[in-house]
Amino acid sequence: MKRCLTGIKELDELLGGGLPPGDTLLIGPPGCGKTTFCTQFIAEGLKRGEACIYVTVDNSPNYIRKHLKLRGVDPHYYEQKNLLRIIDCYSFKIKGWFPEKVREEYVVSNPADMNELLDKIEKARSEIGPNGRGVIDSLSTLILATHREDEKYSYAFTLLDLTNARVKELETSAIVVLVKGLHDPKVEARARYICEGVIEMIVMEKESALERYIRVSTMKFTHHGTDLLKYRITERGIEIVKD
Ligand SMILES: Nc1ncnc2c1ncn2[C@@H]1O[C@H](COP(=O)(O)OP(=O)(O)OP(=O)(O)O)[C@@H](O)[C@H]1O
Ligand SMILES: [Mg+2]
């Protein structure tokens, strides 16, 4: 089975060589380093010559480009080489006020419209080819952007279901971010159920300081370790700390 290396050596060892094909849910509380993890995952793919799609909902495309630069890749170079596409589900928030600032090619004008989002992803995929990896950062904000209460969760589950099936068919891996504590526990349970695997980021209060840990909770077809890996965030990204 094909595997996607995450870019974090110790985590890839726990995973038995990286992520299997399909969606992996990345769950963690606000500010724990989820976007850092995702940009590291994409930078790793680009360094390996894989095509990558980053659906950004919580941050501007330029913020993601800055993160990628810090992770050692030049996003513009890969965009020109048709290896990177950033799907912009962020700029609709500022477009009315600052239309001159929105110069992205893949702007989703209404992220609550799943067809528009899936069309943009498909357009990007057809340009960069099938051999790649993807990120949705975050599913939580897409859920919150869906206007009608009764549509919120069917939107999330349909999106997860469709992307998981398509990503598996392409034999590649995608990371879908869910913010811990933001949704009904049933939502988290169902998202865990749909995805091929779950990676959790955990923040604990220890003697007046915060400690951060990452672990693999589940991963289909994988004999994975379940150890908690302590990490810190630096300019280079997520780094595992050995005690
Ligand atoms: N250069 C850095 N050096 C050290 N720590 C950093 C650095 N940059 C960010 N951090 C830490 O990373 C955290 C934010 O990381 P990130 O944006 O990846 O988190 P997140 O989980 O995506 O947040 P959100 O839930 O808001 O989307 C900050 O709270 C800070 O503690
Ligand atoms: Mg984030």
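Modeller: This is a predicted model. Its open sheet is built from 9 strands, and their order is β3-β2-β4-β5-β1-β6-β7-β8-β9. The pairing is mixed. In general, strands of a sheet pair through backbone hydrogen bonds, either parallel or antiparallel.

Start at the edges. β3 (84-88) stands at one edge and β9 (237-240) at the other. Each has a single partner strand, so one side of each is left without a neighbour in the sheet. From one strand to the next, the twist averages 25 degrees.

Now take a parallel pair. β4 covers residues 132-137, and β5 covers residues 173-179. The two strands run parallel and are joined by 4 bridges. Look for Ile136, which stands opposite Val176 in β5.

Next, follow the order towards β9. β6 (197-206) meets β7 (residues 209-219) in an antiparallel pairing with 10 bridges. One residue pair to find here is Glu200 with its bridge partner in β7, Arg215. β6 and β7 form a hairpin, with 2 residues between them. In that turn, Glu207 has a positive phi of about 40 degrees.

β7 then pairs with β8. The sense is again antiparallel, over 3 bridges. Tyr213 stands opposite Lys230 in β8.

β8 goes on to β9 through another hairpin, with 2 residues as the link. These strands run antiparallel and 4 bridges join them. Arg232 stands opposite Glu239 in β9.

Now for the helices. Helix α8 (residues 185-194) lies across β1 (22-28), β5 and β6. The helix runs at about 150 degrees to β1.

α8 also has a helix beside it. Helix α7 (residues 149-169) and α8 have axes that come within 10 Å and cross at roughly 15 degrees. That angle makes α7 roughly parallel to α8. Their crossing is right-handed. α7 brings Tyr153, Ala156, Phe157, Leu160, Asp161 and Asn164 to the contact. α8 brings Val187, Arg190, Ala191 and Ile194. Sorted by class, this contact has 7 nonpolar, 1 polar and 2 charged residues.

α2 and helix α3 (residues 61-70) pack at an angle of about 65 degrees. Their axes are 9 Å apart. α2 passes α3 in a right-handed crossing. On α2, the contact residues are Thr35, Thr36, Thr39, Ile42 and Ala43. On α3, they are Ile64, His67 and Leu68. This contact has 4 nonpolar, 4 polar and no charged residues.

13 residues surround ligand 1, and the closest are Pro30, Lys34, Thr35, Thr36 and Ile233. Two elements give two or more residues to this shell: α2 (34-47) and β8 (229-234). α2 gives the most, with 3 residues. By class, the shell has 4 nonpolar, 6 polar and 3 charged residues. Notice Thr35 and Thr36: they are among the residues closest to ligand 1, and they also take part in the contact of α2 with α3.

Methods
Residues are numbered from 1 along each chain as its sequence is written. Chains are lettered from A and ligands numbered from 1 in the order in which they are written. This is a predicted model: local features need pLDDT of at least 70, side-chain atom pairs count only at pLDDT 80 or more; totals for chains, interfaces and linings use all residues. A residue is near a molecule or strand if its C-beta atom, placed from the backbone, lies within 6 Å of it. Ala, Val, Leu, Ile, Met, Phe, Trp, Tyr, Cys and Pro count as nonpolar, Asp, Glu, Lys and Arg as charged, and the others, Gly among them, as polar. Two strands pair if DSSP finds at least two bridges between them. Axes are lines fitted to C-alpha atoms, for helices over the stretch in contact, and angles run from 0 to 180 degrees between N-to-C directions. Two residues are in contact if their C-beta atoms, placed from the backbone, lie within 7 Å. A crossing is left-handed if the near helix is turned anticlockwise from the far one by less than a right angle, and right-handed if clockwise. Angles under 35 degrees count as roughly parallel, over 145 as roughly antiparallel, 65 to 115 as roughly perpendicular and the rest as oblique.
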